[in-house]
Amino acid sequence: MPTATIKEVAKLANTSAATVSRVINDLGNVTPEKTQAVLRAIKELDYNPNHAARSLVKRMTNSIGIIVNNLHDPFFYDLLRGFEEGALRTSYNVMFCSVVNGDAAMKEKYVRLLSNGIVDGIIMYGSYLTDESAIHSLTESRMRSYVMIENDISELRCNKLLVDNVGGARQAVEYLVSQNHRAIAHICGNPNKKVTQDRCSGYVATMQEHGLEIRDSYIQRTSSDYASGYDCMRRLLALPERPTAVFCSDDAIASYAIRAALDCGLRVPQDVSVVGFDHQTVLPDRYRGPEITSVEQPLYDIGVDSVTLLSSILDQTRENDPVTKLYHTKLVIQETVCKPE
């Protein structure tokens, strides 16, 4: 079926092609009645404007660039769904750039690429401590509309969507204490991530508030690979006084910690309880253990909100005063915690 032309739209709406163009490009100076006639004709003819030409008129690409770490990581499943849903709710397309293992130089390269007129705005998921240079490159670029997710540089005035990671860790440890656990260990996440520091801080603060001993041997640190949670758990279980519960910095680490416990012939949760963080929809490497009790962060909502916030700024339907939004977490109780026997 032939594609409708702008002249056919103009004929059906009983107006000129120039007027149709003004409606399509939102240039104003068209009466409400004539605007409605054009919109009805566009719908009836299923007319699709030439977005390339429209971009030249408005000097906009109608695209948003999104920079994330390791796009293939199952952790991003819900966040990506949120980005896509946000795009469906707006007039913007999304373009993804994946950075392997938080490579700072690669992030800066993507910032330079996207800031060169390819997109109208940028969303950066920046949980790595090394992201600061890329973030400053973004602030110094020609890109004036952007949103940061999960990296809060205090002196940086921009739109920030943040998760209460300290509060989430507190929820996890408080729940273990409520289940009569006193010997509670912590397996930290990637040492290059700010969220790792925040979650460890929440663990330490809550243990101190309950007067519980924080042993050096009870705080295990993974490498940048979450699979090293397996060896961390093995070390904890080999201690003369092994912990009765372990709070893991994320669900990927928790999944490997549980595998280690099961491989040692222990039961989860009867012999050792485990709590994760993220409430991850898809766990890595075909995990088949019990459903993990975990602290849920609203990744889907953050994905939707980031795109809708940025699109509203680009469309000038809201003031461009920087927004900082803190998302609270929720403990999801499943199968990996019980009272110590």
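**Figure 1. Leu113 in helix H6.** Leu113 sits in helix H6, which spans residues 104-114; helices here are DSSP runs of H or I with at least four residues, strands are runs of E with at least two, and both are numbered from the N terminus. This is a predicted model, in which local features need pLDDT of at least 70 and side-chain atom pairs count only at pLDDT 80 or more, while totals for chains, interfaces and linings use all residues. Residues are numbered from 1 along each chain as its sequence is written, and side-chain values use heavy atoms, with hydrogens and water left out. Leu113 counts as partly exposed because its relative accessibility is 42%; buried means under 20% relative accessible area, exposed over 50%, and partly exposed in between (1.4 Å probe, protein chains only).

Figure 2. Together with Met95 and Ile118, Leu113 forms a nonpolar patch on the surface, and the accessible area of the three comes to about 220 Å². Patch residues have over 30% relative accessible area and no salt bridge; nonpolar side chains (Val, Leu, Ile, Met, Phe, Trp, Tyr) are joined within 5 Å, like charges within 9 Å. A salt bridge is a side-chain nitrogen of Lys or Arg within 4 Å of a carboxyl oxygen of Asp or Glu. Accessible areas come from the Shrake-Rupley method with a 1.4 Å probe, and for residues only the protein chains shown count as cover.

**Figure 3. The cis peptide bond at Pro269.** If you follow the chain from Val268 to Pro269, you cross a cis peptide bond with omega near 15°. Pro269 belongs to the loop that links helix H11 (251-263) with strand S9 (273-278).

Figure 4. Although His279 is not a glycine, its phi is positive, at about 50°; Arg286, not a glycine either, has a positive phi of about 55°. His279 counts as partly exposed because its relative accessibility is 24%, whereas Arg286, at 72%, counts as exposed.

**Figure 5. The setting of the close-ups.** The protein has 12 helices and 12 strands, and its C-alpha atoms fill a box of roughly 85 × 40 × 30 Å along the principal axes. Of its 341 residues, 50% are buried. The protein exposes about 16600 Å², with 48% of that supplied by carbon and sulfur atoms.
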